[in-house]
Amino acid sequence: MAAWWPCFFLYDGARVKAEGDPTRAGICCFCPRQTPLGRQELLCSQVAGVVRWTAEISGSPPQLIRLRKLKFAVRVDGSHLWVLGCAADLPDSSCQGFLDHLRGLFCFYNGPLPQAYKEQPWEELDQEWEKYMRHLQHHTNNLHRIFRSLWAMDKTKVDPLLLLKAALILQTCQRAHHILAGCIIYKGLVVSTQLPPSLTAKVLLQEAEASPQGQAADAGQLQDPESIPLPLEASCLPRGVQIISVYLLENEAAALRDFPLEWMAKHPEGSVATPTAIPSGPDGATLERGVLYVHRVRDLVLALLAEEQFAVSKDSIEDVYHSSLASLNGLEVHLKETIPKDSPSSVKSSYGFAHYDSIQNLLSTNFLPAAGNPDQHFLRAVSLIHADFEQLPLASEMTVRNASTAVYACRNSVQETYFQQLGSLLRHSGAPNPRDSAFALPSKAKQKLLKHGVNLL
């Protein structure tokens with residue numbers, strides 16, 4: 001596992017009640033799996049003991065346990081204890097957010113936790129957990145760990161007509177019976193989405209499931225057929241298509257039905273199916289069963305959330321497939337031709353920036369995912385300022401500096417922007433004074449970031 005994310009475990013205290021019950025009986029999952037069993041038991045028992053003691057003293061369990069070089073995000077759900085260990089320098093909110101995202105991924109694809117561990121082999125669930133963690137680690141660089149954000153396509157480098165085409169594909173699919181909403185992903189980048197950020201983040205897992213050739217290993221398969229009444233035969237699904245059983249939180253499903261409002265207009269009165277409710281989701285929330293339609297066209301993924309009945313409607317599936325196939329092929333070809341390659345730029349930038357949209361949970365930056373990680377000074381400054389912004393709701397601007405660099409940050413109610421001048425040493429006297437070049441950063445940021453569609457004026 002990555003250094004910033006040393007361990008994760010799921011522990012069921014209900015399996016360790018009597019004095020002689022071994023701790024290992026309660027360990028549902030522990031990653032990394034190669035950790036010696038003795039160390040697994042020691043950590044699980046110690047953290048569970050701290051959580052139990054704190055809950056008895058204060059009346060509520062802790063959400064974060066902080067050590068000198070490590071911190072643990074903690075969530076208690078009935079008898080189950082979810083714990084994610086993170087590096088101490090990761091912001092508290094990021095550590096807790098990653099744990100919540102892991103929980104959300106599991107429940108989205110497997111349903112209520114007690115039901116999943118009762119009905120599925122633990123070995124299979126172990127593989128599921130490892131898949132989720134590989135996905136999160138692969139799709140986060142150092143900046144994204146701070147904000148827990150999604151990879152955004154740089155809209156300044158893509159023809160706006162392509163983005164419009166992607167949005168129109170989703171709107172066309174949405175007219176099909178039982179389709180709620182969806183998103184289009186290209187090489188892990190969100191091209192267009194109708195889903196809230198929490199659901200977009202879960203659906204992004206499907207991009208990671210594709211083979212290097214861009215095709216699913218089990219394309220054309222209908223997963224978990226026992227959970228869907230009268231499912232279609234796998235052979236009835238078009239090539240490159242999967243239909244996957246998923247579980248939506250009740251409020252997520254309600255939001256998808258309410259927005260956009262025109263969704264209701266396509267259903268004749270009385271034809272809207274009653275959703276299947278399943279109790280005992282995370283933190284006592286109600287879950288509704290649905291399906292995820294996934295169509296891969298090489299490096300492009302169309303993912304649509306639909307009501308459960310969609311999986312048994314051959315006409316609806318064929319309607320979605322045939323109405324989108326040609327457009328998806330064309331979009332994939334154009335994106336392949338126009339998307340910048342993930343390689344270092346031949347012209348070194350004189351500045352670095354990060355722009356975080358807290359509404360869409362998207363991060364834009366000129367540091368490329370693989371080749372352009374920002375330096376440690378920038379990362380440290382962004383982490384510190386982001387944590388301060390969370391603690392100081394009235395703060396709107398900050399500049400931090402050391403002997404090597406300075407970073408300017410500004411924010412409003414929906415976004416945060418960070419700017420660093422590169423390539424030349426800043427002039428400073430060791431103490432704040434009006435001639436310190438750090439004071440010129442706000443005006444430089446406003447000027448330089450306009451070309452990236454970031455308006456700080």
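**Exercise 1.** Determine whether D12 is buried or exposed, and describe the salt bridge that D12 forms.

*Solution.* Step 1: the relative accessibility of D12 is 8%. Buried means under 20% relative accessible area, exposed over 50%, and partly exposed in between, with a 1.4 Å probe and protein chains only; D12 therefore counts as buried.
Step 1: a salt bridge requires a side-chain nitrogen of Lys or Arg within 4 Å of a carboxyl oxygen of Asp or Glu. D12 pairs in this way with R15, and their closest N and O atoms are 3.5 Å apart.
Step 2: R15 has a relative accessible area of 39% and is therefore partly exposed.

The coordinates are those of a predicted model, in which local features need pLDDT of at least 70 and side-chain atom pairs count only at pLDDT 80 or more, while totals for chains, interfaces and linings use all residues. Residues are numbered from 1 along each chain as its sequence is written, and side-chain values use heavy atoms, with hydrogens and water left out.

**Exercise 2.** Examine the salt bridges K202–E252 and E308–R289, and state which parts of the chain each one links.

*Solution.* Step 1: the side chains of K202 and E252 form a salt bridge with an N to O distance of 3.3 Å. K202 belongs to helix α7 (residues 197–203) and E252 to helix α9 (residues 250–258), so the pair ties together parts that are 50 residues apart in sequence. Helices here are DSSP runs of H or I with at least four residues, and strands are runs of E with at least two, numbered from the N terminus. K202 and E252 are both buried.
Step 1: in the second pair, the side chains of E308 and R289 meet at 3.4 Å, N to O. This pair links distant parts of the chain, 19 residues apart: E308 is in the loop between β12 (300–307) and α11, and R289 is in strand β11 (residues 287–297).
Step 2: E308 is buried, since its relative accessible area is 6%, whereas R289 counts as partly exposed because its relative accessibility is 21%.

**Exercise 3.** Which backbone oxygen lies 2.6 Å from a polar atom of the side chain of K71, and what are the surroundings of K71?

*Solution.* Step 1: K71 is located in strand β4 (residues 70–77) and, with a relative accessibility of 1%, counts as buried.
Step 1: the backbone oxygen in question is that of L90.
Step 2: contact means heavy atoms within 4.5 Å. Not counting residues up to four places away in sequence, K71 touches residues including L64, R66, L84, C86, L90, D92 and C95.

**Exercise 4.** Carry out the corresponding analysis for T365.

*Solution.* Step 1: T365 is in strand β14 (residues 362–365), and its relative accessible area of 17% makes it buried.
Step 1: the side chain of T365 reaches the backbone oxygen of F353 at 2.8 Å.
Step 2: leaving aside neighbours within four places in sequence, T365 is in contact with L143, F353 and A354.

**Exercise 5.** Compare the span of helix α4 with the expected value, and identify which residues of α4 are buried.

*Solution.* Step 1: helix α4 (residues 122–138) has 17 residues. The expected span of a helix is 1.5 Å times one less than its number of residues.
Step 1: from first to last C-alpha, α4 reaches 24 Å, close to the 24 Å expected.
Step 2: the buried residues of α4 are L125, D126, E128, W129, K131, Y132, M133, H135 and L136.
Step 3: an α-helix has 3.6 residues a turn, so residues three or four places apart point the same way.

**Exercise 6.** Characterise the nonpolar patch that contains L168, and then the chain as a whole.

*Solution.* Step 1: L168, in helix α6 (residues 160–174), is partly exposed, with a relative accessible area of 43%.
Step 1: together with L161 and L164, L168 forms a nonpolar surface patch with about 300 Å² of accessible area. Patches comprise residues with over 30% relative accessible area and no salt bridge; like charges are joined within 9 Å and nonpolar side chains (Val, Leu, Ile, Met, Phe, Trp, Tyr) within 5 Å. Accessible areas come from the Shrake-Rupley method with a 1.4 Å probe; for residues, only the protein chains shown count as cover.
Step 2: the chain has 13 helices and 17 strands, and 50% of its 457 residues count as buried.
Step 3: the accessible surface of the chain is about 21,900 Å², of which 54% belongs to carbon and sulfur atoms.

Notes:
A polar contact is a pair of N or O atoms within 3.5 Å; within protein, one must be able to donate a hydrogen and the other to accept it, and residues adjacent in sequence count only if both atoms are side-chain atoms.
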